[in-house]
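Trainee: I would like to go through the terms used for this model and check each one against its definition.
Mentor: Go ahead, and ask for the criterion each time.

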There are 4 protein chains.
Amino acid sequence: MTPRRSVATGRLMIYDTLMRTRRPNADRGSPRVGLWMIGACGGVGSTVALGIAALAKGLSTATGLVTELPEFRHAGLVDPSTIAIGGHEVRNQTMLEAVREAHGRGGLFDGELVRTCTPWLRQVQRHIRPGTLFGAGKTIRDLADRSVATRDRTAAAAVRRLSSDIAAFRKAKRLDHVVVVNVASSEPPTKPAAAHRSYAALVKALAKPGSRCVPSSSIYALAAIEAGCPFINFTPSAAISIPAVRERAEALGLPYMGNDGKTGESLVKSFLAPMFASRNLAVLSWVGQNILGNRDGEVLADPKTRASKIKSKERVLSHLSGKQTTTRVSIDYVPSLVDWKVAWDFIHFEGFLGTKMNMQFTWQGSDSILAAPLVLDLVRLAVREVQRGTVGPMKHLACFFKDPLEADSADHFEQWRSLVEHAAEAPVQ
Amino acid sequence: MTPRRSVATGRLMIYDTLMRTRRPNADRGSPRVGLWMIGACGGVGSTVALGIAALAKGLSTATGLVTELPEFRHAGLVDPSTIAIGGHEVRNQTMLEAVREAHGRGGLFDGELVRTCTPWLRQVQRHIRPGTLFGAGKTIRDLADRSVATRDRTAAAAVRRLSSDIAAFRKAKRLDHVVVVNVASSEPPTKPAAAHRSYAALVKALAKPGSRCVPSSSIYALAAIEAGCPFINFTPSAAISIPAVRERAEALGLPYMGNDGKTGESLVKSFLAPMFASRNLAVLSWVGQNILGNRDGEVLADPKTRASKIKSKERVLSHLSGKQTTTRVSIDYVPSLVDWKVAWDFIHFEGFLGTKMNMQFTWQGSDSILAAPLVLDLVRLAVREVQRGTVGPMKHLACFFKDPLEADSADHFEQWRSLVEHAAEAPVQ
Amino acid sequence: MTPRRSVATGRLMIYDTLMRTRRPNADRGSPRVGLWMIGACGGVGSTVALGIAALAKGLSTATGLVTELPEFRHAGLVDPSTIAIGGHEVRNQTMLEAVREAHGRGGLFDGELVRTCTPWLRQVQRHIRPGTLFGAGKTIRDLADRSVATRDRTAAAAVRRLSSDIAAFRKAKRLDHVVVVNVASSEPPTKPAAAHRSYAALVKALAKPGSRCVPSSSIYALAAIEAGCPFINFTPSAAISIPAVRERAEALGLPYMGNDGKTGESLVKSFLAPMFASRNLAVLSWVGQNILGNRDGEVLADPKTRASKIKSKERVLSHLSGKQTTTRVSIDYVPSLVDWKVAWDFIHFEGFLGTKMNMQFTWQGSDSILAAPLVLDLVRLAVREVQRGTVGPMKHLACFFKDPLEADSADHFEQWRSLVEHAAEAPVQ
Amino acid sequence: MTPRRSVATGRLMIYDTLMRTRRPNADRGSPRVGLWMIGACGGVGSTVALGIAALAKGLSTATGLVTELPEFRHAGLVDPSTIAIGGHEVRNQTMLEAVREAHGRGGLFDGELVRTCTPWLRQVQRHIRPGTLFGAGKTIRDLADRSVATRDRTAAAAVRRLSSDIAAFRKAKRLDHVVVVNVASSEPPTKPAAAHRSYAALVKALAKPGSRCVPSSSIYALAAIEAGCPFINFTPSAAISIPAVRERAEALGLPYMGNDGKTGESLVKSFLAPMFASRNLAVLSWVGQNILGNRDGEVLADPKTRASKIKSKERVLSHLSGKQTTTRVSIDYVPSLVDWKVAWDFIHFEGFLGTKMNMQFTWQGSDSILAAPLVLDLVRLAVREVQRGTVGPMKHLACFFKDPLEADSADHFEQWRSLVEHAAEAPVQ
């Protein structure tokens, strides 16, 4: 982790970073923290919002929050129930509608909880602003509210608008820190381009009308950075991975991390692959079939976007002992499952004397329910890094991601140990 | 690990320990090592024998041997293909017959391999001696060859006879070290008794005609100890766990370990339980159903014996976060599976906002194929401890067992790390 | 099916059968029908009640009702939404409480539906009467409301009381037909006894204080019969199977049927076993593991009761081609599942050239949700038989049961064809 | 089934149909029967050959042969162990090599059986002739022996050559009947073409050099027909389905049938789909994932060919009650499985009160082992139809196929009943 560097002045930057470091509540104890979500009214975003309300009202335990484990007791993390919520959204759907659909069609959440939190969700909705369609694919454009498309003349203008939304939220809610987390739909893979290589080149490219040089996720990442906020990419999209974007974050002294939250099937893989390796059993084939019915599944029905997700999922098995292992990952959109994901994995392995054996598992979980507490974990942990003055990739958060940026180890247990050890270090005051 | 103590002189001991430490090949490099198996002609025993032959003839890779992983490259372990084989058996079945049955009915092993190794298996058979029925239950008595029952007048006499078998094997094969491993059928749980408390009391009790104060496994353990051999219990039987037996092993300066090799379903549990814990997901219920068709399954059809196995299996989940977790383990004997074990586990867990989700897995493996290389691992690692002068439980071998003796941690990953660190320490020359 | 015989006069009978045949609404079209449930406030009973309310209010489709298939369109069946509900219950729990628990803890039912139907469920509760503990086992006695135990001095008195409850319900609701269905908990197996052989002997035995000659289910069956009602046993309990009880039903000209509704895993078995048979594949082993968390599961935690259920479940596989098939059925109580049943079946089979293959399935269903519509089907079909004058076992309903009384065929498809053909016959007007 | 029509004279026909009806052994009882397989040295072909040898030598039971069930006892079928074998093959692989690979890598067959039948397999190999690459796709061309490609100048010449191979086999083995069965790899879907509409047009088109108007399977079908042999298509390829080919078969008075043998996952679907339908449970989604490692899997790795197979597999669910059911079928090539197929199906269904439930199954079977006995069944049953003078599609064989030609019913049970009733009819003498 690089020491905090002095902050460069960038052309797109519209709010001074002093604002970010002015911590009005610092002396009064815990800082005031906000979470700004990209794709705020999707499954994960609305579950995060409902979850915070439930925690605040004492209607839910912290089950599912990693940072509530004893290992993090003395890490000085912010109370998750106090986190303020805002975000960008391109569709014409409110958080309340998303919650009600997940409840009604998907069987998620207690009905009583939804009713109790309805006024709260309506209030949060006031902090949801229109997103951008610059760099978005056809699937997203089709889902989006028409008014979103015509808001900005250039991608650069979009960055400015989105950035000012975040800054306005910080101001309105008088927050010390705002962490921006991308929980929007997956994007197709992004091809490397010249404009990705330096911030200067990128700024130039974004200013051209009709430029499609980066995907939406990177536009949001830039907006977050320009607003002086740490950015976390919970999807397999390019977002913060583009060198020019990272360059800018580091120039402004910001920490960031990604990609693609490890919530279900991939998490299981992370734990089982080392089992075979540590018993010196040769994995011949590992086949995974994922079916899901939420927006993510709908977006992933597009083969290009699916390719991006599959690539990220396959990373998890990259350190399997057998080099000649056949790996297959399929994803299918099955609307009746709504927010539920069903994954079946078949593992064909060879033991002593060339004996072929197999193991299979089926995972039946709700993606939103699994992801939401991890988003809160990441916010809490990112605020701590801001306090500690960390700049660049937060490598110690690797165990939260399928495809972690610059992870020191591909081994989940090493990643976990690194997280726990990091949590034990004293925060910079 | 306690430092080696001076060797006490015991009444039952018939061979001086000098023999054990006289290493004729020490200066010629690698020591000559023997493996003496209790239940040598069962599924695991015969697979170990076939496996050594296959390794020696270059007909099998070392897949499945943990000690062939890079972590053990510099641990100075004996070449597994050079290990000499002998053992005790109560049934009237040869290793070759066991191998042929596993091949013919269970579909194990390559036919060509069996043919090639047949002369070798016949030769090994010459080192198989009749076991004992002292302390054996009805199921074992029914399976046993009649002549075995009448060999010894007292359990003490049995210890002496069995011990001299091992010593004769060591002498005949001119071995530096013989490790005794119990791969016989599971026994019913053993009730604590006064005679278990001290070696002196035990010796007295064993000398009485008709005494049933300890199960067979402990008689074998004693025989191994009296012959100056480290003892490893790969079953859930009492064996070396009885205080009086451990006392004797430590008095004679011997290392030992157990209980119950972790080969299949329990291994998976060891890796998955921490997954739920580390994501702060509450496991509500964990139900396991095991079906198997080998001798072990037949013996476990007896409810008492099954209880012993189930208890051992449940240990693996003992450190699950949720204290109120319902755990169920069933074992059923399904003859058509022969040596194959099929295990189905259903895990009901709760995530954020009280959402219930589930995961299930099915494991289809051959117990003998999974266990045999671990037996070789344990022999290699035990020889190293003898060389290093270790006395008492080899706690660093905990990750090989479902119910490890005096493990420092119930966490498999901690256990694994302990093993790897131990392997990196320089062996005593 | 025997033609209707003239009605004998029995001692216990308190209401004349004229009442039963007096159909006040016959000329006004559809008859007025009631359903009297034994165990009315359990999972199945309360779901039946909620279901009728939902159908009546147009809040549910008829999915799950067999009798809504096209095959039954012209069978002249009563509208299920018009069926009046009453019943016996030994526990101090209301239908509304049962519904709320299934909703809150088990995730069943839409919350809005529960709210809308709450007044209706409260009204139905007025027709729930205390049951009896005569012939009940310890598990049921422990669950029961204390006041129930002391209501009747003899079993005969209990029959009279229970019977008059049913008659009072018929009168109060001015019903043409009342069908009594046993949806109470499973009972342990009943041993044959002399008093079971004839109605005369049974009447004598029941009159003795403290008599335990028949289980509760048979006392309820007798009460139904004495009230002139067809009786259907949806559980594996003895109920109507006792010869003396059947004798009485036939003497009073009543149709009846049982045993044990075929709702989930057993239904799957009924369809898969013929698959293997029709391809001449030899089933070597069929192992089933059932885990469930409802009252039924709690009661089945008692080994004796479980034996009864397992026996019934094994019937389904009785006509498997391979005579030497190993069959195993386990049932475990896993409270966290609430009303959900998870069943795992492993089928080991042999094909051409002695090749062993396997198939496994996991069924995850709600027992109450699956059973409730079948109860409505049976009521509709039983009313039709009463109208047609059928006496004795309704063999054409065999496909609804795991262990059908006097089924003409053990083959589910034959049973289904028999049902469909029967439905096509013109009803007696 | 159309009555036998008089035989038209076709240009391609080289052997008179009298030959076919001259039954030299008719008065000596059972006819002499031959089976000519297209793709004879593939997994299914070589298993059929080994199976006949095993039956002839008494080394295997008839497990897996439908026609050995009691229902067919009096159908007058030929003894399967007496069937002579020949066939076409485009690859440079012998049956013996195929059998040894399936044994060595796939764990199929008993090693002793393979050894005993080796001379027999070598003898059969003398009746294997080179196939054709006219109409073959790239995948097959790449697998094929080079010499095959240059044998014939036109497709018409290929038909003549292939046809004469069959006729020569019949003559050499002095057979009364030869049934031709296509067990070659699946082909991509065939687009309708003008030349498909009439035999006259097809003959003209085939005579043009370089014509690709029909796929290989149809060239083989024509060759069989011209040789006066009934043709059965065990694959999803076009083969006999092309109208011009059917026209020719019917003109020559021949019976035929197809398409795509129903061996594993699809068979299970045929039995489970009616279960949901008959309980009025609405299937919301049915997702199937198939992984396999044999040649079929390799060929199906090509997306076009896979499309053909998937279409055929989806037919099985075509009569599911819910019109809006989402169905998904995936097929993946996983080499380590060799001849084993693993299929996982997830069925999401809705019951009473809108409750969503699910069922999943995993099928682990060997395709060759399941298919081979069905091929023998079809030969036996086709010979019977030849004897009875049947012309056109043998609709009563529908239950053997995923996508049966002109089936009277899409319901497997109706199809089965039709087969059994047909078998009970007296054969024409």
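Trainee: Why is C:Val338 called buried?
Mentor: A residue is buried if 20 or more other C-beta atoms lie within 10 Å of its own, exposed if 12 or fewer, and partly exposed in between, with C-beta atoms placed from the backbone. C:Val338 has 22 other C-beta atoms within 10 Å, so it is buried. This is a predicted model, in which local features need pLDDT of at least 70 and side-chain atom pairs count only at pLDDT 80 or more, while totals for chains, interfaces and linings use all residues. Residues are numbered from 1 along each chain as its sequence is written, and chains are lettered from A and ligands numbered from 1 in the order in which they are written.

Trainee: Is B:Arg174 buried or exposed, and why?
Mentor: B:Arg174 has 11 C-beta neighbours inside 10 Å, so it counts as exposed. Its phi is also positive, about 50°, although it is not a glycine. The residue sits in the loop between helix H7 (155-172) and strand E4 (177-182) of chain B.

Trainee: What makes the peptide bond from B:Gly258 to B:Asn259 cis?
Mentor: Its omega is near 5°. B:Asn259 belongs to the loop between strand E6 (255-258) and helix H11 (265-278) of chain B. In chain C, a cis peptide bond joins C:Gly258 and C:Asn259, with omega about 5°.

Trainee: How do you know that E10(C) pairs with strand E10 (residues 356-366) of chain D?
Mentor: Two strands pair if DSSP finds at least two bridges between them. Here there are seven bridges, in the antiparallel sense. One bridge partner in E10(D) is D:Gln360, which faces C:Thr362 in that pairing.

Trainee: How many residues of chain C are in contact with chain D, and what makes a contact?
Mentor: Two residues are in contact if their C-beta atoms, placed from the backbone, lie within 7 Å. By that criterion, 44 residues of chain C are in contact with 44 residues of chain D. E10(C) gives the largest share of the chain C side, ten residues.

Trainee: Which classes make up the side of chain C that touches chain D?
Mentor: That side has 25 nonpolar, 15 polar and four charged residues. Ala, Val, Leu, Ile, Met, Phe, Trp, Tyr, Cys and Pro count as nonpolar, Asp, Glu, Lys and Arg as charged, and the others, Gly among them, as polar.

Trainee: Why is chain A called as compact as a globular protein of its length?
Mentor: Chain A has 15 helices and eleven strands. Its radius of gyration is 21 Å, close to the 22 Å that the globule rule gives for 429 residues, so the chain is as compact as a globular protein of that length. The radius is taken over C-alpha atoms, and the rule is 2.2 Å times the number of residues to the power 0.38. Of the 429 residues of chain A, 62% count as buried.

Conventions: Helix = DSSP H or I, 4+ residues; strand = E, 2+ residues; numbered from the N terminus.
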